[in-house]
Amino acid sequence: MNDPCGVFRDESGTWHLYYQYNPTGIVFGNQHWGHATSKDLYHWSNQPVALIPPGKNLALYSGSAVVDKNNTSGLFPNQTNGVVAIYTLSETLADGSAGPQTQALAYSRDGGFNFTHYEHNPIIDINSQHFRDPKVMYYQDHWVILIAYSREFTVGIFTSTNLINWTHASNFSHHGFEGFQWECPNLVRMGHYNDEGQKQGDAWVMFLSIHPGAPFGGTITQYYPGNFNGTHFEAADSIARVVDSGKDYYAMQFFNGVPSNEDPVSIAWASNWLYAQNVPTNQENWQGTMTLPRQHFVTKTTDIGWKLVSKPYNLQHVMGETVSFQQNLNNRILAIDFSNVDSNAVYWEVNVTGVPERDKISTPMSLNFTFLNPNTAEYVRAGYHFGGHLSRDFAGDTPFFLDRGGARGFDSVFFTDKFSITSTHNKNEWSVSGVLDRSIIEVFLNGGIDSATITYFTLEPLTVMLLSTPDMPQFMRVSMRLVGLKSSWESSTSPGGPVHGSQSEITLGH
């Protein structure tokens, strides 16, 4: 599996996740739309493949889905739960070369489980080989669709009253990082809060993914705050802002159908095309995973301007028992054994208060934590420097680093192992939280002002957390909590371990 597609929440509260899927292999190719549903975004039920290409020379690329509750399309007489999926059909010509990419429609009269290809496809065709990833949304009295002109670094904005007949309205282009091509556009309205936590209204935010050519190498997702009037999007500025500072966060998609009084919810593919097809999970006969679902709003801080805030969506659905809660951790090294957590997955948070202003810190101070396996000596580690005078190892900034170089299960020249980002401490406080699972770690700094997602591959699960706070003065306070997470698949596993229904058995029509 790779990119999430067509994600939406229906009127009953069920979340639908479609995704790029190869039912006949564990590498990219023969692209279909897989399908899974959930009531809480953590416990999923695998559904039959939702969309199959209409011909052997066609692949179903990314797209989106909406509930046409007012039957604007005319495809759903006497019902309010009709689902329209709009997606890219990518054609391969007889000589093996790339053919056109067009936008096609399919409709479902049973709430999104079984689809029929529209008989008059394609619905949008500009005779281009690089025209893909439609994202549909509703704006006041009409539908809006965003489509990437990928090699032109442009997002086309189209409008429609019926989801079938579309009119080009405007373009958004050449902002931020360009890389080699743009993909997977999204345009989302979300709350805007100042750095005091007071709501200032709403803001529109454009999201784009780059593949390849991102500054970290390979793939990345970026965003632009701005304004949208139903036909034109205008960015607040041309600054390049990155959603996630790790290397394994791509093709971010926002769920349609989330009520306007709730924060918008997203999910992304947790990998990077530089090595996605070579990582060692193929030894377990699977390839590809999604990130945690995340909620979002934007803020505008006094020191660094516009920022997207990202937080895990309601982890209470998988929270288990608290393994450890500790306070007053100044100048200590704390070891926490969580080997008894059956899932090998944990949530942790570390909060620091009483932090001096950076120019008042006379000696370097840092906080470091490491997840390790005592048997194999493998580890993933991270840390934060609060400031201080220049030293051999520290340049006086306030960087946070994340290092997966201690995991020995996979090696590639493109599998970069170290990442860092400047993370300011505000109001004399700084915090870090995150989720560590068997092959992925997602970190959130200062309540989600910054995030970093990386995959890692160890020979055995990580089972111990080490936390150290060297040279930290007593007037600062450090507390931490570590909680075991329940397996989302515990009730769905067979005696041998695999998840029931994790492999789709379908009859291909070609």
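**Note on cavities, cores and aromatic contacts in a predicted model**

1. Strand β28 (residues 418-422) contributes 3 residues to the lining of the largest cavity, the most of any element, where strands (E, at least two residues) and helices (H or I, at least four) are DSSP runs numbered from the N terminus. That lining consists of Ser 245, Phe 400, Phe 419, Ser 420, Ile 421 and Ala 452, and the largest cavity has a volume of about 30 Å³. On a 1 Å grid over the protein atoms alone, a cavity is a set of points where a 1.4 Å probe fits but cannot get out, a pocket is an open set with protein on both sides within 12 Å along at least five of seven lines, and lining residues have an atom within 4 Å of a point. Grid points are joined across faces, edges and corners, and a volume is the space filled by probe spheres set on the points.

2. This is a predicted model, in which local features need pLDDT of at least 70 and side-chain atom pairs count only at pLDDT 80 or more, while totals for chains, interfaces and linings use all residues. Residues are numbered from 1 along each chain as its sequence is written, and side-chain values use heavy atoms, with hydrogens and water left out.

3. The second largest pocket holds about 1100 Å³ of space. Of the 37 residues that line this pocket, Tyr 138, Asn 256, Gly 257, Val 258 and Ser 260 are the closest to its centre. Two or more lining residues come from each of β1 (4-9), β5 (58-67), β9 (131-139), β13 and β14 (199-210), with the largest share, 6 residues, coming from β13.

4. The largest nonpolar core has 41 residues, of which Trp 348, Phe 369, Phe 371, Phe 386, Phe 400 and Ile 441 touch the most other members; such a core is a set of buried Ala, Val, Leu, Ile, Met, Phe, Trp, Tyr and Cys residues joined through side-chain atoms within 4.5 Å. Buried means under 20% relative accessible area, exposed over 50%, and partly exposed in between (1.4 Å probe, protein chains only). A second, separate core of 26 residues includes Ala 36, Leu 41, Tyr 42 and Leu 315.

5. Leu 41, in the loop between β3 and β4 (44-51), has a phi near 75°, a positive value in a residue other than glycine, and counts as buried at 2% relative accessibility. Asn 344, in the loop between β23 (333-337) and β24 (346-353), also has a positive phi, near 60°, and is buried with a relative accessible area of 12%.

6. There are 36 aromatic pairs in the structure; rings of Phe, Tyr and Trp (its six-membered ring) pair if their centres lie within 6.5 Å, and planes under 30 degrees apart count as stacked, over 60 as edge-to-face and the rest as tilted. Phe 153 and Trp 182 form an edge-to-face pair, at 6.2 Å centre to centre with 70° between the planes. Phe 153 lies in the loop between β10 (142-149) and β11 (154-160) and Trp 182 in strand β13 (residues 182-194), so the pair ties together parts that are 29 residues apart in sequence. Both Phe 153 and Trp 182 are buried.

7. Two cis peptide bonds deserve a look. The bond from Asn 121 to Pro 122 has omega near 0°, and that from His 211 to Pro 212 has omega near -20°. Pro 122 is in the loop between β8 (116-117) and β9, whereas Pro 212 is in the loop between β14 and β15 (220-228).
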